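Let us walk through this structure step by step, beginning with a term that will be needed along the way.

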Amino acid sequence: MKYNICPFARREVERASIRYVAIEETKVKAVLKALIEECQYLDEHPETETTLFILPRGFEGFYAYLDLVDDATYLLVDNDYEGVYQLATFHPDYCFDGEAQDCPANYTNRAPYPTLHIIREASMEIALANYKDPESIPERNIAFAQRKGSEFFVKLLQHCTKGI
């Protein structure tokens, strides 16, 4: 939030409307079941704007995580959540297609743990409609990451996990 990577986060942090859920399951089926249960929770709790669905173990490998993301996306469609919720993805080893692993731009989607961010699409549409030039957000973030460099983000992530 300090660096405004997501220009919509500050409001939700200040409103305390973000739910943080750590899923201890490591089997794909169990994680997907918990994901749908979390969508149902959001259905029943409109005061909760969004959920960070954190996977502290079992999906450390980036490619296994991407397989989970694909499965989760299909599951949302199968459960009639297409157009209701969308997923943003974060992983300690996130790497954009075609980028080198150490490219600073990758850090815009890196997090201490594999995470699925469940976002209400209606809320995102409103936020984007009220944001001047939302298409510039990814380019702005990449430029920021390039200016700061990979080492800056490595230290930032280490600070996030200090004491864990």
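A residue is called buried when its relative accessible area is under 20%, exposed when that value is over 50%, and partly exposed in between. In this predicted model, Ala16 has a relative accessibility of 67%, and therefore Ala16 counts as exposed. Ala16 sits in the loop between helix 1 (9–15) and strand 1 (18–22), and its phi is near 55 degrees, a positive value in a residue other than glycine. Most residues other than glycine have a negative phi.

Because its relative accessible area is 66%, Asp80 is exposed.

Of the 164 residues of the chain, 39% count as buried. Among contacts between residues at least 6 apart in sequence, 72% join residues that are at least 24 apart.

The overall dimensions can be considered next. A compact globule of 164 residues would have a radius of gyration near 15 Å, and the chain, with 16 Å, agrees with this; its C-alpha atoms fill a box of roughly 40 × 40 × 35 Å along the principal axes.

Finally, the chain exposes about 9800 Å², of which carbon and sulfur atoms supply 54%, while its 17 positive and 27 negative side chains form two sets whose centres lie 10 Å apart.

Key:
Residues numbered from 1 in each chain as written. Predicted model: local features only at pLDDT ≥ 70, side-chain atom pairs only at ≥ 80, totals over all residues. Heavy atoms only, no water. Rg over C-alpha atoms; globule rule 2.2 N^0.38 Å. Buried < 20%, exposed > 50% of the residue type's maximum accessible area, 1.4 Å probe, protein only. Contact = heavy atoms within 4.5 Å. Areas by Shrake-Rupley, 256 points an atom, 1.4 Å probe, with all protein chains shown as cover. Lys, Arg positive; Asp, Glu negative; His and termini not counted. Charge placed at Lys NZ, Arg CZ, Asp CG, Glu CD. Helix = DSSP H or I, 4+ residues; strand = E, 2+ residues; numbered from the N terminus.
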